[in-house]
Structures are given as structure tokens and as C-alpha cells.
Amino acid sequence: MANVAFDENQEIVKEKKTVKAFLNKFGSLIGLILLCLILAILNRDFLSLNNIMNIARQSSINALLAIGMLLPILTAGIDLSIGSILALSIMCMGIAVVNMGLNPIAGLIICVGTGALCGWVNGILLTKLRLPHPFISTLGMMNIARGLALIITAAAPIAGFPMAVQFLGSSFAGPIPVSFILVVIIYILFHLFLTRTATGKYIYAIGGNRDAAHLSGINVDRVLILVYTLSGLMSGLAGLVLVGRVNSAFPLAGLDYELDAIAAVIIGGASFFGGVGTVWGTMVGTLIIAVLRNGLNLMNITSDLQKTIIGIVIIAAVFVDVLRQRASKKQ
Amino acid sequence: MKKRLSLSLIFLILLGVVLTGCSNNDANVEAKSKPTIVVVLKTLSSQYWKFVEAGAKKAGEDHNANVIILGPSSEGSILDQVNLVEDSLTKKPDAMVVSPSQPPTLIPVFKKAKKMGVPILLVDTDADWDDKTSFLGTDNVTAGRQAGNLLAQKLKPGDKVVLIDGALGNTATDARSKGAKEALEKQHIKVVAEQPADSDKAEAEAVMSNILQVHPDINGVYCANDDMAIGAARAIQAHHLKVPIIGTDGTIEAVNSILKGDLAGTIAQKPYDMGYRGVVNALRAAGGKSVKKRIDTGVAVISKENAKKELSFLQKILGQ
């Protein structure tokens, strides 16, 4: 009898542990699923195929920016310039392709290249000029890139891109938007990069303890420059999707997008202190924001109230995270 | 552990309750009996768009339609507006009234609306898209011409005037300046200087001051919008001049300035009518009736005589 009771206890403890591990791993995913359930009950159009594909399309720009943002945040940094870099990249492409009549493929390279170049400058400013925090270098770049985007076209939008440029943002493979397929491919690549390569592990190590990483022989500067270059490159790529989606390039594109990207990364469980965060968490964070926006739009909730609700979700998501960490420390 | 779970649950339930409270459930129930018109404006957070919103709302009440009015948080939130139009289409409205912030950006979504058979009416700002049902807005050349005539009434042939334009390439303000110039020159009034001030108050003040250095003897000023007129008036006062200044738009601030005597008049657009007639014509289109492809929503000449009446009308719309 006693033996049986003992076994049962063991069983319960085990069960509790697995439930806990499961919740730790999939907490935000469960949040996303519950959110979808609530929205589906409140709105009969929410689960239509058309609407799900709308969400996939609408989330793809922020998904690309957020995965770029994940890297600086993993190193305990931040990149405030991604929205402005996006604008500068697409305006450069607009001038090259529409105004100068360059080959569209060259335009795509210019767009992504401009993004990467701006990101590289961010990295150089941080590591070689020894500016105290990436908040400062990227805040500077945020203003510089936005200013340049406005100057080079005298603030005028550029429309009339060829199909080759619009392909990423406007095409569908069956019902699935090509932009979302791009997101899935990029996320798989980033997952492999962060978990399977030495550089990926260095990124986590730098975020965990920069000095220790340095002492253990990691070339911290080189890794940081790469991190900001990749972040800028993703801005250029997100810009390509945006141009295809709205059929034009305009210098105020991407205004405040850095904030949505940061929100997605943080809701996805990454820590501002660096070293913690995953690619899939970022995906879930992006989807939570996109689903919430779309659902609130479907319910005719004003943009002002939407801002308030998203603010509450950011704080709540991080608070749940804080509670989780406190609980695991107690044990 | 339990505590955390229950906290998360409480949060989610609260969110659910908030959302249910916010959602327009009665609108969903009534949707079948009444036609639904979705209106997406550039933003709902500025005075001008409040007038459009008020007009659209009133049209819904008068014609027993379910009118939903939406807009991003600022005119700069361009992709938000695209998403808003796209999400609104999911609800299959009977027609939509849209004011595009950046017209080319909405054309892919408009094409989708066409495929779904949802008529699209544009208000205030036109888009280069042939399949729109209609465009309702101010005829800016006429507005400029009326302004030119109003200014000419206060002057005599041979007098010198200054024109202050909007940003280079802004089609609306360019058309106004063109109309004003035509009307003034017809009455043999000389335009001695014409310069852009980007529709901005402070910029117009600076531009006006510079012009006064070269032409201290001007007799009148036309500005392509009211903010620039108010800025120019400051510069004129600083130079101790007293000349008539005419603006365009009909903002509350401009009407107040007319009452104070700082401005001689303005040509008011009719944003309230744009909203009202936008919805009325959207209902016609939804009912399969024909709608004119271009509807001029008209302008009103506001001067000292009728400024008080205009002011109380505008304040009533805003519920002040």
C-alpha cells in the first residue's frame, strides 16, 4: 500500500515538472492560441482563410524586422534605426530602378545592400568609435537615415516599380503570400545560424557576459559589427516586402517600426539584459502583435485604443516572464 | 506556479471582457437588415478629419445605414491605413469610402475590393485608379479663383500682391495658386512675388518677412492654405502693415483670425459635406444606382460678415 502511494506521489511530481517545462517553453505560444480563440469567438470572419492570409501578409514586414532586432537584443544592445534604414533603402532602390531605369535585380541588391551598409556603420560607430551604448549610435543613425530618405527624393513618393521588385510583397503561391514563405525561410536560417554555428553561440555569449566572452578569445567587435550589419540587412529586406505590398516607396515608410519589432522580440521572451531569446519566440511575439491588430481592426476598435491594448500586452507578457523567473529562482 | 497560471488566466479573461465590451456587437446583429458602409480616413485625430467623420456619421443616421468610421492614429501611419482597408474588406461591407494618405499605396487593395465587388468612393484626395466609383472633393482651381476674386474686391487695378504656395509638387495647393493668379490677373492686379512655404505657419512667416524686404509696398496676400495665411499675417503685423490676407481651408483658427481682423477672409472647403455626401453616394452605389465619377463638394467664401455663423457651425459639428 505504502509503496503504491509513494509511486503516485512520484508520478505527480514528475507530471508537475513536465507541465512546468512545457509552460516555460510554450507559454507565449499558449497565449497566442488563447488570443486566437477569443478573437474567433468574438468575430466570425477571424478564422476565414482570407483573413488568416491577411495576417500572414501583414505580419511579414514586422517579422523580418523583429528577427533582425533579435540579434542586437541578444547582445544586450538595441537597434533603433531599422525603420529609418528601411525607408532609406527603398528610396535608394526607387531612384535606381524607377528614376534611373536600372535593372530591377540591381535594384533589389541596392535595397538590401543599403540596409546592410547602414547597419555596418552602426556596428563601426559602436565598436570603433566606442560610443557608450548602441542606443546612441542607432539613435543617430535613425535620424540620419530618415533625413537622407527625405532629402534624396525631396520628400516625394516613388511609384511604378516593375513586377520583379514587387514580387516579394505582392505575389501569392496558391493562397499563401510569398512574403510569408520568405519569413519562414529566413527564420529557419536564423535558427540554424544562432544554434548551430560558432558565431551564433558567440552572440549569446556576448549578451550573457561581454567581458567573459572577450577574455575567452571571442572577437567581440567583429561579432557586434556582424550583428548590426545583419539587422540593417533585414531592414532592407523588409523594405522590399513593403514596396511590393503598397506598390510604391515613400520616405516616411517604416516610421516607428522599430518599436513594433522591439515589442515582438520582448513578448517572444527575449531579455533586455542579453543572452536570452529565441527565433521561434520572436515569431510568436510577431504573430501575437499581428493577430491582435487584425482582430481589433475587425472589431472596429479605434487605433488609439489599439495602442493602449498593445501596451498592456507588452507589459503583461514581460510581467509573466518576471514571475516565471522569480518562481524558478525560488526552487 | 498555480499563482502564475491563475494570473495569466485572469489577464486573458479581462482582455476578453474588454474586447467583448468594445466590439460592436449590435452592429453585427443589425448588419443584415441595414447596409454597411466602412469609411477609412487619413486619421481621426485632427480637426479637419473630425468634420469629415461628423458628416459621415450624420449621413448614416439620416439614411438608416450602419456606418463604421476608422482611421490610423496619424496621417503618417501609411501602412496602418492599408491594413485597415484590407481588414475592413474581410467584413464584406456594401461599399467603402476612403481618403488615401498616399494614393498609390492603396491601389493593390482597391483592386482586391473591385474583385470582391465592393464599390470604392474616394473623398478629399483622389487616386490614380480608373475603377473607383467616384471622387468627391474640392475643386482646387475654383477655390483659388474664388480667393483671387475675394482679394480683388478689396483692391484696385494696378495693385501689387504676393502669392504664398504650398510645398512644391503638392497638386492641391498648386491648383489653388493657379486659380488665384488667373483671377487676380484678370482684374489687372500684379503678382510681384510667388514663393512656396510648405503649408507651414512658421515657414510662411519667414517667407513673408523676406518678401517684405524686397517689396515693402504690397497691397494684398493670397496663401494656398490657412496655416500659411496666419503665419504671413504675423510677418505683416511685425512690419506694421495693414493689407488684406486671404487663406484657404476654413479652419477654426482661421475663422477666429477673420473675426479678430488678422485675416480678410478664407475659402472654406466643406469636409463635413465630403463625409456626408461620400456616405450618401456610397449607399447609392451599394444599391446599384449610378454615381457621378467626379463630385465637386464646393467651397464657401468666408469673410467678416459670415465668420461668426461659420464659427458656430464648426463648433457645433465638433460638439463644443
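Q: At which residues of chain A does UniProt place the feature "transmembrane region"?
A: This is a predicted model, in which local features need pLDDT of at least 70, side-chain atom pairs count only at pLDDT 80 or more, and totals for chains, interfaces and linings use all residues. Residues are numbered from 1 along each chain as its sequence is written, while chains are lettered from A and ligands numbered from 1 in the order in which they are written. UniProt positions follow the numbering used here, feature names are shortened, and annotations may be inferred rather than shown by experiment. The unreviewed UniProt entry places the feature at residues 22-42, 63-96, 102-126, 147-168, 174-194, 223-242 and 262-292 of chain A.

Q: How far apart are the end C-alpha atoms of residues 223-242 of chain A?
A: Helices (H or I, at least four residues) and strands (E, at least two) are DSSP runs, numbered from the N terminus. Residues 223-242 of chain A are 100% helix and 0% strand, and their end C-alpha atoms are separated by 29 Å.

Q: What radius of gyration does chain A have?
A: The radius of gyration is taken over C-alpha atoms, and the globule rule is 2.2 Å times the number of residues to the power 0.38. For 331 residues a compact globule would have a value near 20 Å, and chain A agrees with this at 22 Å.

Q: Which element of chain A gives the largest share of the side that touches chain B?
A: Two residues are in contact if their C-beta atoms, placed from the backbone, lie within 7 Å. The contact takes 38 residues from chain A and 35 residues from chain B. Nine residues, the largest share of the side of chain A that touches chain B, come from H13(A).

Q: Which residues have the most contacts inside the largest nonpolar core?
A: A nonpolar core is a set of buried Ala, Val, Leu, Ile, Met, Phe, Trp, Tyr and Cys residues joined through C-beta atoms within 7 Å. A residue is buried if 20 or more other C-beta atoms lie within 10 Å of its own, exposed if 12 or fewer, and partly exposed in between, with C-beta atoms placed from the backbone. The largest core has 139 residues, and those with the most contacts inside it are B:Val39 and B:Val279.

Q: What distance separates the centres of domain 1 of chain B and domain 2 of chain B?
A: Domain bounds come from an automatic or database domain assignment. For chain B, this assignment gives domain 1 (32-137 + 271-289) and domain 2 (140-268). Taken over C-alpha atoms, the centres of domain 1 of chain B and domain 2 of chain B are separated by 32 Å.
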